[in-house]
Amino acid sequence: MKILIVTVAGLSSRFRESLGRPCLKCLYQEGGTEKSLLYRMLHQDGTFDFYVIVGGFQYEELKKTIARDFQEFGDKILLVRNEHYADYGSGYSLYLGLKRILDMDLEEVIFAEGDLYVDRESFRKIYDSRANVITCNREAILADQSVAFYFDQAERVHYLYDTGHSTLEIPEPFLGIFNSGQIWKFSDADHLRQAFFRIREKDWQGTNLVLVQEYFGSLERKDYEIVCLNEWVNCNTVSDYRKIEPQERKTEQKTNR
């Protein structure tokens, strides 16, 4: 089975502050539900056997909107509730999403954070790849915004993120550093299960990078592909969200030439 996991449980404090009111970021839209981040992600160029959505903050609104505006997916949407969205980190949402599907006959799992916009061509490259995939984007690496990764001298990958949005630190010589596209593809179901069960319960309360690092950090460079995303927006604020429409128009113009 091919599974897409999207985590949308968080409080979205920076987005809420920029908007001036509480809001479930993945459902925010200016122009209809089809303009929301969640709708765009679930309607990417690729089909899945199941779409796992992990919610928490304003969960009832999420549940109601999916029932009303995502009916075409039917029972392919598996909605999971994270009761610890306010006191645990993003890793717990990924834990719950994976827990929901690990007993299935998995072929591959794509995991995408729920506050992202990515162009359809780039997503298709991830979907079509038969390999494990990590993604990067072309944005500057800024400690207050970015999830970064670097390669050490042995070409092993290491992820960096500061939950305090202050500084990033690399503790060793490195071969290259990249801004993560925050979408990953796990193409080895056995390796995914092993990584899942190696992680201690309390460590799942941190960021989702705990699982990402456990999975990809134990692979050699030849065991996965890097996909560089053409168009990518991490929607921390309403201003970020409003970057999407111009990017979509630009991509459409290129396609129609």
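In this predicted model, strands S2 (residues 50-55) and S3 (residues 77-81) run parallel and are joined by five bridges. Ile-53 stands opposite Leu-79 in S3. Helix H3 (residues 59-69) belongs to this part too: S2, H3 and S3 make a right-handed β-α-β unit.

Now the pockets.

| Pocket | Volume | Lining by class |
|---|---|---|
| Largest pocket | about 910 Å³ | 12 nonpolar, 19 polar and four charged residues |
| Second largest pocket | about 540 Å³ | three nonpolar, five polar and 12 charged residues |

The largest pocket is lined by 35 residues. Closest to its centre are Gly-10, Ser-12, Ser-90, Asp-115 and Tyr-161. Helix H1 (13-19) and helix H4 (90-101) each supply at least two residues of this lining. H1 gives the most, with three residues.

The second largest pocket has 20 lining residues. Tyr-117, Arg-120, Glu-248, Thr-251 and Glu-252 lie nearest its centre. Helix H9 (244-256) is one of the elements that supply at least two residues of the lining, and so are helix H2 (37-42), strand S5 (116-118) and helix H5 (120-128). H9 provides the largest share, seven residues.

Last, the cysteines. The structure holds zero disulfides. Cys-26 is in none, and the nearest cysteine sulfur, that of Cys-23, is 8.5 Å away. Cys-26 counts as buried because its relative accessibility is 2%. Cys-136 is also in no disulfide; the nearest cysteine sulfur belongs to Cys-228, 3.7 Å away. At 6% relative accessibility, Cys-136 counts as buried.

Note on methods. Residues are numbered from 1 along each chain as its sequence is written. This is a predicted model: local features need pLDDT of at least 70, side-chain atom pairs count only at pLDDT 80 or more; totals for chains, interfaces and linings use all residues. Side-chain values use heavy atoms; hydrogens and water are left out. A disulfide is a pair of cysteine sulfur atoms within 2.5 Å. Buried means under 20% relative accessible area, exposed over 50%, partly exposed in between (1.4 Å probe, protein chains only). Two strands pair if DSSP finds at least two bridges between them. Helices (H or I, at least four residues) and strands (E, at least two) are DSSP runs, numbered from the N terminus. A crossover is right-handed if, with the strands pointing away from the viewer, the path from the first strand over the helix to the second runs clockwise. On a 1 Å grid over the protein atoms alone, a cavity is a set of points where a 1.4 Å probe fits but cannot get out, and a pocket is an open set with protein on both sides within 12 Å along at least five of seven lines; lining residues have an atom within 4 Å of a point. Grid points are joined across faces, edges and corners, and a volume is the space filled by probe spheres set on the points. Ala, Val, Leu, Ile, Met, Phe, Trp, Tyr, Cys and Pro count as nonpolar, Asp, Glu, Lys and Arg as charged, and the others, Gly among them, as polar.
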